[in-house]
Amino acid sequence: MENKDKMRQGPVIFSEYKQGEAIKKILTMSREDILFELRESKLKGRGGAGFPTATKWMLTAAAKSDKKYVICNADEGEPGTFKDRVLLQEYTELLFDGMVIAGYVVGSNEGIVYLRGEYQYMYNDLLKFLDEMRSLNLLGKNILGKEGFDFDITIRLGAGAYVCGEETALIESLEGHRGEARNRPPFPVNTGFMGKPTTVNNVETLCAAAQITVKGGIWFREHGTDKSTGSKLLSVSGDCNKPGVYELPFGTKITELLEIVDAKNTKAVQIGGASGVCIPKSQFDRTISYEDVATGGSIMIFNESRSMIKVLKNFMEFFVEESCGQCTPCRVGNVKLLEGVEMIEHNNYTFSYINKLKELGKTMQVASKCGLGQSSPNSFISILENFRDEVFNSNGGKHGN
Amino acid sequence: MLVLEKNSLTEEIEKLVEKHGNNRSSLLSILQEIQQKHSYVSDFAQQEVARLLDIHPVEVFSVISFYAFLNSSPKGRNIVRLCQTITCDMHGKEAVAKAIERELGVKFGETTKDKKFTLEYVNCLGMCDQGPAMLVNDKVYSKLTPEKAVEILNQIK
C-alpha cells in the first residue's frame, strides 16, 4: 500500500515476494503437499503461544463440516507490539495470500480479518486492496481459473478490548457477544466461529505460511534454531536510538539485538510485552526463541534512569483494566497485585505479604481461564525477583523507613 | 426524544440490520456504525437493535458495556484517546496530557462543556516506536509534543 519503495530487510517475512506468487504455486499442489512443506518448516504460531501451524491446519482440514472459517487475528493489543501494523500496511499482499492458502488447505471459502478497533484507519485501504485482489481473480470464485477454488475475505473491526486477542474471545466477539474466553476443549479447530471448524492465525503466521509455500519448508528451517525455526518480527521500542520493526532469526541474543537497535545504558529488557518477562542485565546473553525467552514480538528497552516499580505499576494497571472479569483469579488477582505494587511504591509493605502476592501470582498462572490471567503475573514476579535490589534495597537498604 | 427522531433512528437501524444481516454476529458491526454516527448508542437505539435482531435488550447493553469503543451515554463529537502504555509514557505522555488538559479546561475522562471533545486514556495503540501517540476519532497521530498535540486539536472544527 504505502511506503512500498521503503524496502525492509529480513531473511523470511521481509524477503522478496510478488503478489499472487503463492496462490499461483498452489494451483498445482495438493493440500497434502502444502501441509507437508509446513510440517517440514516446523512453523509455530507467531502470536506467542507457539502452537505448530501445520497441526492446527491439519486438524481443521480433517474436521468434517459443510462450512469452515479462516480467521486472521489482527488484534495485536500487547503493549509494545506493532509488527502487525507494519505487515497490514506494507505487506498486505503477503497476508491475504497467506489467508487464501489457509483456506485452500483447510477447505474453507470464507476468511475473516479481525482488525483491532485502534487500527480503524487502515480499514478502507484494506477493503480497497481486497477489491483489487478480486479484480485480479486472486479472490472470489474459481480463483485463477481453478474449478471449485473459492475464497473471499471480509474485515471486521474490534472495539478496543485486549482480551479479544485470545482466539476464543475473538470468536465470541465476532459472534456478537462480550469478548469472554471460552472453555477449551472444544478447540476452535472443531468448534469455532458459529460452531464450525475454524483456524485462527496471527498475521505474521499467515505471512510466513505464504513464504513457505513459495520457498519451501527446508528454506525456512535454515533460519533460526532447531526448536524455533525461521525468524521473528520484533517490535522494538523504549530507550534506544533506532526503534522499529526488525526481522531477526530465532536464537538472536539480547545483547546482539541491543546493538542492532543502538541501545545504551540498558538496565532491563521487557520481552513479550506486559504479559512477558523482564530480563535484567545479567541475563542479556539469553536468546529470543521458544525454548529460552519466548515472545509475540514485543521488546521494550529500559535504561538506567527508569524506575522498574513504575514500569510494573503501568503493566498492572493495564491488566486490571483489561481483565474481562469472567474468572476470579484474574479479576481479583490483578487488583491485588496492583495494590501490592502501590504498597511498595509508598513504602507501606511487609515482605511476608509481598511473598504471599508472588504465591498468588503463581496461583493465577494455573487457575485463570485464559492467557490473560495466566500471563499477567509474569511481569510482577520477574520484576520483583530480578530487580529485588532496586525495588527493596535501594537507598542503602533504608527503603521503607 | 421526539417521535420523528425515533422514527428516523428506527429507519436507520433497519437499514443497518439489512446491510449487516439479521443475526447476532452482526451486532458489533451494527453498534459500531451507530456509535460512529451518534457518538453513543442510546437506550432507544439499543432497544431497536434488540428488537430487530430478536435478542433481549440487556444482551445489547452487556456488549456495549464490555467494549471500550462503545458507550451508552453521550460523549463529545470528537474523542481524543491518548496512549498510556509505558513506552509512550517514557517519551513524554504526561506533558502532552497536561497541555491538552490545560488547553481544553477538562481532565482526562471528561467531556468539554461545548461537547466538542471527550478525553480518554487508551492502552497501547501500536505506535510505540513513534510515541507519544494519540487517536482523534479514527486518525492516529504520533511523535507528539505538547505544542503539536494542542495544535492538532485546535485544527479540529
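Tutor: Helices are DSSP runs of H or I with at least four residues, and strands are runs of E with at least two, numbered from the N terminus. This is a predicted model: local features need pLDDT of at least 70, side-chain atom pairs count only at pLDDT 80 or more, and totals for chains, interfaces and linings use all residues. Residues are numbered from 1 along each chain as its sequence is written, and chains are lettered from A and ligands numbered from 1 in the order in which they are written.

Student: What span does helix α5 of chain A reach from its first C-alpha to its last?
Tutor: Helix α5(A) covers residues 92-106, which is 15 residues. The expected span is 1.5 Å times one less than the number of residues. That gives an expected 21 Å, and the span found is close to it, at 21 Å.

Student: Is α5(A) largely enclosed or largely open?
Tutor: A residue is buried if 20 or more other C-beta atoms lie within 10 Å of its own, exposed if 12 or fewer, and partly exposed in between; C-beta atoms are placed from the backbone. In α5(A), 15 of the 15 residues are buried. The helix is therefore largely enclosed.

Student: Which residue follows α5(A)?
Tutor: Look for a positive phi, near 80°.

Student: Which strands are at the edges of the chain A sheet?
Tutor: Strands pair if DSSP finds at least two bridges between them. The open sheet has four strands in parallel pairing, in the order β3-β2-β1-β4. An edge strand pairs on one side only, and here those are β3 (152-157) and β4 (198-202) of chain A.

Student: What angle does helix α6 of chain A make with β3(A)?
Tutor: Helix α6(A), residues 123-135, packs on the sheet and touches β2 (110-115) and β3. Its direction against that of β3(A) makes about 175°.

Student: Which residue is the bridge partner of A:C72 in β4(A)?
Tutor: Strand β1(A), residues 69-74, and β4(A) run parallel over five bridges. For A:C72, the partner is A:N201.

Student: How far apart are the C-alpha centres of domains 1 and 3 of chain A?
Tutor: Domain bounds come from an automatic or database domain assignment. It divides chain A into domain 1 (21-221), domain 2 (231-303) and domain 3 (308-397). Eight residues of domain 1 are in contact with eight of domain 3, contact meaning C-beta atoms, placed from the backbone, within 7 Å. The two centres are separated by 34 Å.

Student: Which element gives the most to the side of chain A that touches chain B?
Tutor: The contact takes 38 residues from chain A and 30 from chain B. Elements of chain A giving two or more residues are β3, α7 (167-174), β5 (231-238) and α11 (308-322). With five residues, the top contributor is α11(A).

Student: Which strands are at the edges of the chain B sheet?
Tutor: This open sheet has four strands in the order β2-β1-β3-β4, with mixed pairing. A strand with a single partner has one side without a neighbour in the sheet, so the edges are β2 (117-122) and β4 (139-141) of chain B.

Student: Which residue stands opposite B:V80 in β3(B)?
Tutor: Strands β1(B) and β3(B), residues 134-136, run antiparallel and are joined by three bridges. Opposite B:V80 stands B:V136.

Student: Is B:S73 buried or exposed?
Tutor: B:S73 sits in the loop between α4 (57-66) and β1 (78-83) of chain B. Its C-alpha is 5.9 Å from that of B:Y40, 33 residues away along the chain. Since B:S73 has 10 C-beta neighbours inside 10 Å, it counts as exposed.

Definitions and conventions. Contact = placed C-beta atoms within 7 Å. Axes fitted to C-alpha atoms, helices over the stretch in contact; angles between N-to-C directions.
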